[in-house]
Structure formats: C-alpha cells, structure tokens
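Please read them with the structure open.

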Amino acid sequence: MRILVLNAGSSSLKTSLVVEPGDRTEARTDAALPAGQDWVEALGAIASEAGTFEAVGHRVVHGGSEHVASERITDNVMAGLERLRDLAPLHNSPALDAMAAARRTFPDVPHVAAFDTAFHATLPQDAITYPVPFEWRAAFGVRRYGFHGLSVAWATERAAELLGRPVADLRVVVAHLGSGCSVTAVDGGRSAETSMGMTPLEGLMMATRSGSVDPGILLELSRRGDVSADDLGEALQHRSGLFGVSGVSGDLREVQGAAEGGNARAQLAVAMFIRRAAAGIAAAASALPTLDAVVFTAGIGEHAAAVRTAICARLSTMNVPSELRAPDGADDQVLSRPGSSVAVVRIAAREDLVIARETARLLAG
C-alpha cells in the first residue's frame, strides 16, 4: 500500500510517500507554504509529484480524551476535532485545515488520523491529574494529555533495535528537542511520564514557547491589567523560549552563534535550555524502575552535539555518560561507549513512518 503522509504546520507542510509494509519511503518533502497559496493548491502540487497512492495519513497533535487510537476520518471525526482546535493552536489548526483540504482534493481514497496524544493513553492517574480543584477535570477537561507520541514511539522502537533489546524490556527517556520540546519516560513501550500537559505549552523551554512557568506570574499580570488573556497566550506561544530570552531567534543554531559572539542574553538562553532539558529528563526518569538509555531526537536532539553533551553532563548523578562518540554521519546510532550503564542514543525523528504504519493497520482491519 502506497500511503501519502501529511504533517501540516503553521507555515509548512511535511510530506512522505511511504510503502507499507516495510517502511520504504519513496519521497519526502518539507517546504514552507508559499504566501497566498491555500492548502488545496499546495496539495494539488503534491499530488502531481507523488503519483498514485491508496490512502492518506494525517498527523494530529491533540486528540483529547476521545481519540486514543488512530481513526478513519469521517465528518463526525472532523466535527469532534474542531472542538479541540484551540487546545493546540500552533498545530491542530493548520492540521485540520490541511485535512479538510485533503479530503476535498483526494475524495476517492481513505483518510486516517494518527494522534500524538494516543501514545500517552497509558499514563497513570497520578500522572495525568493536576493538583487543582478536582471538579475542574469533569467541568473543563483539565488533565495531562502529553504530546510528541508518534516521535516517541518511533524513537523507542529504533533505540531497542540499536541496543539489541526487546522494547518490552527497555526503560528509556526520550528527549524530543526541536521547535517544540518534551521528554517522555517509556517503560516497556508504554508512556509512564511526560512533560507536556493539557496543551503543548507545558514542560521544557522551547523555540518560542515558554514551557512551564510560575502560574503566579500570569495571575499577577492579569490582576494588574497589564496584559490581556489574548496577549498572554500570544507571548507564551510566540515570544518566549529561546527567542524571548535571547532576543535573537527561536532557532538554536542562531542563538548559539550569537552566544559564541559574546551576546550575554544568547548565552543565558542556551544555558537555560540545557538546564531545563536536563531537569526534565531527570524528572521523567523518576517514573522508571531503572534507566537503560536516554534517547535524543528531533532537530536539536539529532544535530546539536554540544547541547547534547552538556545535557548529559548535568545527568552524571544518574550515570548518564557525557563522553560521547562523535556521530559518524548516520542518523540513528548509539553515541555512548560500550559498557556504559546508561546508553545515549541519537535517533532521526520519523513520525511519518509511524503514521503510515497506523494507516495501513487500520485500513487492513
């Protein structure tokens, strides 16, 4: 089965043409959506390049509590997802727009939604419940959902292969460090702890998102009337994180360049990013009976060697080694030396392969 996988962002569209079974990728693209071009135009151009395919798989970041497994997309499913649009505005909104356009553009093939939140359906009650008035959960749906599940599933599977261990016997913390950042403790293939919460705003410091902050700050700003709720949302989503602290960029490479040039705020931003990522990994590991490996994935996790090493150095009390081998060019590899009590692994993010696999599985019944 040839499956077209669509991963829509706020201004870009990642696509893959995957043949299942076998995870064979025939084509991949990651392109910005041209100014003024709508999703229908973009998808039409993709279709002309891709040729024939038997199904379309879509990444959906937030599935809420109703969508805990991949689903075939129907009008009813679309209506349910529309109600979740605002819980992950940077992700669900463009994904739903692209999904609607894809169903119009490719009406003769089935469409399947794969949810980032579904992987975290195994989280225990003490992990998903917030220490707020208990009635908020039933009244407002206040609970932890977790995100980056498709990435975590792939990283865990590949780490097991590289380490020669069955997934069922492996305890790892996956650090997905990119524009969005999260850590997830995986116990035998099941999510046991994760840093993102009800929305993808909680947890680690990110490119332009704040991650966790003292809620009293937000209450105080709101009480004083200095910042409206909409302004708070815009600031926490788009003007915080690496960008907010450095004043340079949300791209770590640009922030590192400024830091090396002596920019004090950029230096602070990099130091904060490392500290908070290490703290998140340590916190997630506390949910595991033992720690076999720390797995780095996504853009920063894969490519920022100095940041990876600095994060590991802060985890020395957990026996995570900071003396790592230089990557040899391959995306997926073990960076720690043989015999290390905790392995350090680098894995290329391939959510598209998980989405294709889920699409094929669902359609096969």
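1. How many disulfides does the count come to? With a disulfide taken as a pair of cysteine sulfur atoms within 2.5 Å, the count comes to zero disulfides. Cys181 is in no disulfide, and the nearest cysteine sulfur, that of Cys312, is 15 Å away; Cys312 is likewise in no disulfide, its nearest cysteine sulfur being that of Cys181. Cys181 counts as buried, at 0% relative accessibility, and Cys312 counts as buried at 0% as well, where buried means under 20% relative accessible area, exposed means over 50%, and partly exposed lies in between (1.4 Å probe, protein chains only).

2. On the basis of these notes: this is a predicted model, in which local features need pLDDT of at least 70 and side-chain atom pairs count only at pLDDT 80 or more, while totals for chains, interfaces and linings use all residues. Residues are numbered from 1 along each chain as its sequence is written, and side-chain values use heavy atoms, with hydrogens and water left out.

3. The largest nonpolar core has 47 residues, of which Val173, Leu177, Ile281, Phe296 and Ile311 touch the most other members; such a core is a set of buried Ala, Val, Leu, Ile, Met, Phe, Trp, Tyr and Cys residues joined through side-chain atoms within 4.5 Å. The elements that give two or more residues to this core are β7 (171-177), β8 (181-187), α10 (252-260), α11 (264-285), β10 (293-297) and α13 (305-313), and α11 gives the most, with ten residues. Helices (H or I, at least four residues) and strands (E, at least two) are DSSP runs, numbered from the N terminus. A second, separate core of 27 residues includes Val5, Trp154, Val172 and Val186. In soluble globular proteins, nonpolar side chains tend to be buried together.

4. Phe296 deserves a look of its own. Leaving aside residues up to four places away in sequence, Phe296 touches a set of residues that includes Ala175, Leu177, Ile281, Arg308, Ile311, Cys312 and Val344, a contact being heavy atoms within 4.5 Å.

5. The elements that give two or more residues to the lining are α7 (215-224) and α8 (229-238), and the largest share, five residues, comes from α8.

6. His148, in the loop between α5 and α6 (149-163), has a positive phi of about 60° and is buried, with a relative accessible area of 7%. Asn319, found in the loop between α13 and β11 (333-334), has a phi near 65° and counts as exposed at 52% relative accessibility.
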